[in-house]
Amino acid sequence: METVYIDKHITLVQECRQGNRKAQFEIYKLYAKAMYNVALRIVNFDDEAEDVLQEAFLDAFTRIESFRGDTTFGLWLKQIVINKSINYLRKRKVEFVSLEAVDVAEQMDMEEEDLEWKVEEVRAAIAELPDRYRVVLSLYLFEGYDHEEIAHILKIAESTSRTQYMRAKMKLNGLLVKRGV
C-alpha cells in the first residue's frame, strides 16, 4: 500500500509551474512564516534566516518543475529551507565534530512533564547554544527528524548526532538552571 499525500495547495503549485506571479506570492504568504521559523531555529540570526528564506523560495520557484508531488509542497519546501540553513552554517565554518571516540556519561532521567518552562526563556536559552548543538536539537525536537536523518543531512555519524543532541539537552538544562527556570 502506497502512502498518498493530499496537498491542498496543488492548484497554486500548478499555477506556479506556469509562471504565475500571483500564485507564487500566494504560496509565499502561505509558507513564509513557518519556513522563516525553521531557518531561524537553525541559523539563529534574523538576517540570515531572512536570507535563507528568500534563497529557498527563489530556489523552489526556479526548480518547481522538479517537484514530483511525492510529498506535500510544504514538506518539499521545508527540506530546501533546512538545506539552505545548514549551508549558511557551513559558510560560518561550523564544524560538526565526530565524537565516536569520546566517552560520554549516561544521560540522567528527568520527568519532562514536571518541568514547566516559560517559552521565551527556553527560546533565549536555545539561542545561546553553540550552533552544532542548536541545529541537532532543532532538527530532532522541532522538525521531527530522527538521528539517522540528521546524520545524513549534516554529513555526520549517527552516534555524533545522538551525542550532540544529548549534550545540547544537558547544556540547555544548565542554562535554564542558571536562569532559575
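Buried means under 20% relative accessible area, exposed means over 50%, and partly exposed lies in between, with a 1.4 Å probe and protein chains only. The structure is a predicted model, in which local features need pLDDT of at least 70 and side-chain atom pairs count only at pLDDT 80 or more, while totals for chains, interfaces and linings use all residues. Residues are numbered from 1 along each chain as its sequence is written, and side-chain values use heavy atoms, with hydrogens and water left out.

**Fold**

The protein chain holds eight helices and zero strands; helices (H or I, at least four residues) and strands (E, at least two) are DSSP runs numbered from the N terminus. Of its 181 residues, 40% count as buried. Among contacts with a separation of 6 or more, 71% come from residues 24 or more positions apart, where contact means heavy atoms within 4.5 Å.

**Selected residues**

| Residue | Relative accessible area | Class |
|---|---|---|
| T11 | 51% | exposed |
| P130 | 26% | partly exposed |
| Y140 | 31% | partly exposed |
| K155 | 65% | exposed |
| Y165 | 11% | buried |

T11 is found in helix α1 (residues 10-17). Its C-alpha is 8.9 Å from that of A23, twelve residues apart in sequence. P130 lies in the loop between α5 (119-128) and α6 (131-142). From C-alpha to C-alpha, P130 and N44 are 9.9 Å apart in space and 86 residues apart in sequence.

**Backbone**

Most residues other than glycine have a negative phi. N44, in the loop between α2 and α3 (46-62), has a positive phi near 75 degrees. K155, in the loop between α7 (147-154) and α8, also has a positive value, with phi near 60 degrees.

**Aromatic rings**

A pair of aromatic rings is described by the distance of the centres and the angle of the planes. Rings of Phe, Tyr and Trp (its six-membered ring) pair if their centres lie within 6.5 Å; planes under 30 degrees apart count as stacked, over 60 as edge-to-face and the rest as tilted. The structure holds seven aromatic pairs. In one of them, Y140 and Y165, the centres are 4.4 Å apart and the planes stand at 50 degrees, so the pair is tilted. This pair links distant parts of the chain, with Y140 in helix α6 and Y165 in helix α8 (residues 158-178), 25 residues apart. Elsewhere, Y31, F67, F73 and W76 form one aromatic cluster.

Charges also sit over rings, which requires NZ of Lys or CZ of Arg within 6 Å of the ring centre and within 35 degrees of the ring normal. K91 lies over the face of Y88, at 4.7 Å from the ring centre. The charged end of R132 is over the ring of Y133, 4.7 Å from its centre.

**Second largest pocket**

On a 1 Å grid over the protein atoms alone, a pocket is an open set of points where a 1.4 Å probe fits, with protein on both sides within 12 Å along at least five of seven lines; lining residues have an atom within 4 Å of a point. The second largest pocket contains about 360 Å³ of space. Of its 13 lining residues, L40, R41, R123, I126 and F142 are the closest to its centre. The elements that give two or more residues to this lining are α2 (21-43), α5 and α6. The largest share, five residues, comes from α5.

Terms used:
Grid points are joined across faces, edges and corners, and a volume is the space filled by probe spheres set on the points.
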